[in-house]
Amino acid sequence: MRVLFVASEASPFAKTGGLADVAGALPGALARLGCDVTVVIPAYREAVANAGAHGLPIEPTGMTFGVPLGQLTVEASILRSRLPAKEGSPSVEVLLVANDECFDRPTLYGGPVDYPDNATRFTFFSRAVLELACRQERPFDVIHCHDWQTGLVPAYQKLLYQSWPMVSRARTVMTIHNMAYQGVFWQWDMLLTGLDWKYFNWEQMEFYGQLNLLKTGIVFADAVTTVSPTYAREIQSAPGGCGLEGLLASRSDALSGIVNGIDVDVWNPQTDPHIPRHYAEDSSADGKHAAKVALAARLGHAVPDDRPLIAFVGRLAEQKGVDLVIELLGRLGGTGRAHFVVLGTGNDGIEESLRRMASSFPETIDLVIGFDEGLAHLVQAAADMMLVPSRYEPCGLTQLYAMRYGTIPIVRATGGLVDTVVDTTPDTLRAGTASGFVFEAFDARALEQAVLRALDAHANADVWTSLVQRVMRQDWSWDSSAREYLTLYKGMARG
Ligand code: ADP
């Protein structure tokens, strides 16, 4: 099974969110199952620098070609690198599409405001992927695309590249990581795509008068997946579908949900270079104590060991329910029942509200504004509980990392959080399935109730130890997700 894996970011080359974790780890898991996988990403400035920083080879392939882009032909040159090698796994080739005007920039997508030419940049990337695939020596069985940045790829494969033997027989998969990001641009960007205006209609590429690249991918792909079964259901109706619910419901036969795995080598409390003392299920108390001490040193004061440490790590975006966290801090910050640490970056207004809250309770709230991968690992190791109160959550990785580190997730019942965390009740404790605390309503009181239940459980050493040991034993590796993707690929492949 030969798979071309197309994404706009992949760890450790370039990352803004969970997509990078998926694109950095799933290809290796597929390779372990015998797939021949090639990953393609843009050669961002950050990607080239990170390859060097991680000691990964990055070299020109010598392949350059012109990519049609509107009336122009724009040159792409292809670099080659590899995903970090894993023991017992074949190493996965990464091809990077270079064009300095498009990708030699300080950030991936712009920010705080998106780059005004993102439609140009990712139309170029998508078309370059097809041109690159056509120049390979063996045909692809599957082209697996991710998110709006690659939404044109299935359309190109079906509409423009049917006479190219390396790609014409491929089946395309479009994986949606988040319906809120659809790549919607003004209608005249249609000219960049080189596709006929007849496709600019409400059933295909048009969305309320604009060009919608995610919609394009959903329409033209042979299969559509998203990153959890619950999210696959939620997006077929409003508000989860963010305007595309009708289209998604009409494609329900081709739509499925596969829960993300995690990279269990990168996120492993037994080997993690970011934590001071490695630990396993039977030594988590010592490991967490050492991590708390190290975290206190990083933060410049004592993180008390006599109170539970409750953390939040994530983008400071509306999606993540940080407004509920802020309210919770207001309610519990002064009670002394827990210590809080918040690590995140994003929305200016949210950052400001968090700063105000942290300065109201400087003894109990530690706030770190910024993106710091190493600190995220240390916080996961040090914390007792991890808040994931999302408004919606396609899959969510933070709760999976938390469980691997023996940190009990407190989550809202939405999307992948439903599929990965089992609420702690007398029944689930007896059945041995409890793995966290789940609340339904998107409301600070509901979150607070869940936190108070978790604090009560924490006060009972037997209950807490059994919860911690259970979640640490769970297997969230990519292997089982990769098997599901492989089944999907095999079901679609042309005989
Ligand atoms: P999303 O992709 O919606 O941001 P996920 O839970 O799927 O959410 O993945 C988030 C990833 O980004 C996790 O790896 C998390 O640890 C990481 N992350 C988010 N914010 C930060 C931050 N400020 N510092 C370090 N890592 C972060």
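## An open parallel sheet and its helices

In this predicted model, helix H17 (residues 444-459) lies across strands S13, S16, S17 and S18, and the helix runs at about 160 degrees to S18. Helix H13 (residues 373-382) lies across strands S13 (309-316), S14 (339-346), S15 and S16. The angle of each helix to one of these strands is set out below.

| Helix | Strand | Angle |
|---|---|---|
| H13 (residues 373-382) | S13 (309-316) | about 150 degrees |
| H17 (residues 444-459) | S18 | about 160 degrees |

The strands named here belong to an open sheet of six strands with parallel pairing, in the order S15-S14-S13-S16-S17-S18. Strand S15 (365-369) and strand S18 (437-439) stand at the edges; each has a single partner strand, so one side of each is left without a neighbour in the sheet. From one strand to the next, the twist averages 15 degrees.

Within the sheet, strand S16 (residues 385-388) runs parallel to strand S17 (residues 408-412), and four bridges join the two. Met-386 has Pro-409 in S17 as its bridge partner.

A further point of interest is Gly-321, found in the loop between S13 and helix H11 (322-332). Gly-321 counts as buried because its relative accessibility is 0%, and the cut-off for buried is under 20%. Leaving aside residues up to four places away in sequence, Gly-321 touches Pro-389, Ser-390, Arg-391 and Phe-442. Gly-321 and Pro-389 are separated by 68 residues in sequence, yet their C-alpha atoms are 5.2 Å apart in space.

Note on methods: Residues numbered from 1 in each chain as written. Predicted model: local features only at pLDDT ≥ 70, side-chain atom pairs only at ≥ 80, totals over all residues. Heavy atoms only, no water. Pairing = 2+ DSSP bridges. Axes fitted to C-alpha atoms, helices over the stretch in contact; angles between N-to-C directions. Contact = heavy atoms within 4.5 Å. Buried < 20%, exposed > 50% of the residue type's maximum accessible area, 1.4 Å probe, protein only.
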